[in-house]
Amino acid sequence: MYAMLTASDFIDANIARQARTVRVRSADELRGALRQARNQTLALDASGLDRVLRLDGSRGMLEIQAAATWAGLAEYVRPRGLAFDAFAAAPGLPASVGDSIAGNFAGPDGRPVSAHVSAVTLVTPDGELKRASRESNADLFRLVLGGHGVFGVLYSATLCLDSLAHSVSAALTPAELCVPQAPDAPAANHAFDCLLPPGEIDSYLAQAHDIAAQWRVAPHRISVRRLLPESETALPWATREWAGFTLRFWLRESIGAGVRAIQVRRELLGAALELGGAFPICAPQDSSRAQLESCYPKISAFLAEKRRADPGERLQNRWYLTVTAKLRGEACAVRWGK
């Protein structure tokens with residue numbers, strides 16, 4: 001069974017065409033959909049779960065459904081004297097609260113959003129509604145935060161307003177190391193992200209320019225932002241303070257442009273790892289099995305927990321299929337000429 005916010009997240013287009021899309025707007029409908037999926041493949045459209053459920057002003061907590069956007073949250077709290085627009089504008093942060101929690105992306109101040117989550121409510125692969133927090137179902141809570149949606153479909157999250165406000169007040173603007181430029185011919189825009197030790201930025205920047213020159217690609221935007229550590233999730237990417245490095249480059253459209261872009265990203269990744277860096281676990285597609293296991297030594301234990309909770313692997317998505325395929329074995333190495 002495949003569960004996601006939109007059918008475009010399917011890794012296999014043939015499966016996407018065969019699956020029946022079920023739109024859910026409540027916890028009961030979500031439970032019913034996952035129970036239906038015991039016998040058939042479904043694509044879940046949970047975009048209707050986009051409301052604020054309750055605001056507890058005395059405790060400074062707000063429960064919001066998973067498909068609600070940061071922009072919508074900012075609009076909701078604005079009349080109450082709170083300004084959360086920085087979350088809607090944070091670089092790399094998904095638009096929805098649920099997607100942000102699933103990948104544990106960094107907020108405006110560089111802290112992963114798990115820091116702002118007090119509790120989550122989700123529907124497990126067998127259709128059971130569960131609530132988890134640091135005090136109750138703590139193991140499940142650690143797995144769901146940054147769990148990439150493989151332990152259940154997130155229904156809602158309870159957020160700490162004071163923590164969100166602190167993140168906004170400490171927001172950092174990424175440093176731009178390359179002036180944005182338009183292509184001089186029709187070209188596709190590609191992006192590469194990695195995590196670097198802060199002291200290696202200059203060295204890596206020089207190597208990145210060398211790699212771009214060797215492959216005759218044109219970097220048009222390079223930015224760096226500070227990312228802060230966390231230690232409470234089961235599969236953490238923010239294991240230390242990192243410099244989040246983003247490079248965007250133009251590549252002229254051609255038959256082999258896609259393959260060439262993959263090779264460029266792989267060389268950029270290799271250079272980052274040689275300097276003690278890593279890649280964001282939300283984007284494992286360019287890594288090898290050895291690189292995945294080196295950067296994320298907890299990945300096998302994490303997937304073992306997934307199989308224990310969902311032995312039939314009924315709940316899958318693109319991220320899960322990509323990671324498990326890498327861990328099953330390596331494809332033959334291919335080297336494309338420059």
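A residue is called buried when its relative accessible area is under 20%, exposed when it is over 50%, and partly exposed in between, using a 1.4 Å probe and protein chains only. Keep that in mind as you click along. The model on your screen is predicted, so to speak of local features we need pLDDT of at least 70, while side-chain atom pairs count only at pLDDT 80 or more and totals for chains, interfaces and linings use all residues. Residues are numbered from 1 along each chain as its sequence is written, and side-chain values use heavy atoms, leaving out hydrogens and water.

**Stop 1: the whole chain**

Show the cartoon first. You will find 12 helices and 11 strands; helices (H or I, at least four residues) and strands (E, at least two) are DSSP runs, numbered from the N terminus. Of the 338 residues, 50% count as buried. Contact means heavy atoms within 4.5 Å. Among contacts between residues at least 6 apart in sequence, 69% join residues at least 24 apart.

**Stop 2: a hairpin**

Select residues 52-56, strand β3, and 61-65, strand β4. These strands run antiparallel, joined by 4 bridges; two strands pair if DSSP finds at least two bridges between them. Together they make a hairpin with 4 residues between the strands, and Gly-60 in the turn has a positive phi of about 70°.

Now pick Leu-55 in β3. Is Leu-55 buried or partly exposed? Leu-55 has a relative accessible area of 34%, so it is partly exposed. Apart from its neighbours within four places in sequence, Leu-55 is in contact with Met-61, Leu-62, Tyr-76, Arg-80 and Leu-161. Two of those names are worth a click: Arg-80 lies over the face of Tyr-76, 4.2 Å from the ring centre. (A charge sits over a ring if NZ of Lys or CZ of Arg is within 6 Å of the ring centre and within 35 degrees of the ring normal.)

**Stop 3: a four-stranded sheet**

Next, colour the strands β8, β10, β11 and β9, which in that order form an open sheet with antiparallel pairing. Strands β8 (175-178) and β9 (187-196) are at the edges with a single partner strand each, so one side of each has no neighbour in the sheet. From one strand to the next, the twist averages 20°. Angles run from 0 to 180 degrees between N-to-C directions, and axes are lines fitted to C-alpha atoms, for helices over the stretch in contact.

Zoom in on β9 and β11, an antiparallel pair joined by 10 bridges. Here Phe-192 has Leu-247 in β11 as its bridge partner. Then show the helices around the sheet. Helix α8 packs on it, touching β8, β9, β10 (218-227) and β11, and its direction makes about 155° with that of β10. Helix α9 (residues 257-274) lies across β9 and β11, at about 20° to β9.

Before you leave, select Trp-242 in β11. Trp-242 counts as buried because its relative accessibility is 6%. Its contacts beyond four places in sequence include Leu-195, Arg-225, Trp-237 and Gly-276.

**Stop 4: aromatic pairs**

Rings of Phe, Tyr and Trp (its six-membered ring) pair if their centres lie within 6.5 Å; planes under 30 degrees apart count as stacked, over 60 as edge-to-face and the rest as tilted. By this rule there are 5 aromatic pairs. One of them is Tyr-204 with Phe-245, edge-to-face at 4.9 Å centre to centre and 90° between the planes. Tyr-204 sits in helix α8 (residues 201-214) and Phe-245 in β11 (residues 242-252), 41 residues apart. Both are buried.

Move on to Phe-302 and Trp-319, with ring centres 6.1 Å apart and planes at 90°, so this pair is edge-to-face. Phe-302 lies in helix α11 (residues 299-309) and Trp-319 in helix α12 (residues 318-328), so the pair ties together parts 17 residues apart in sequence. Phe-302 and Trp-319 are both buried.

**Stop 5: the cores**

A nonpolar core is a set of buried Ala, Val, Leu, Ile, Met, Phe, Trp, Tyr and Cys residues joined through side-chain atoms within 4.5 Å. Which residues have the most contacts inside the largest core? They are Val-120, Tyr-204, Tyr-296 and Phe-302, in a core of 79 residues. Helix α9 gives the most to this core, with 7 residues. To finish, select Ala-27, Leu-30, Ala-33 and Leu-34, which are among the 16 residues of a second, separate core.
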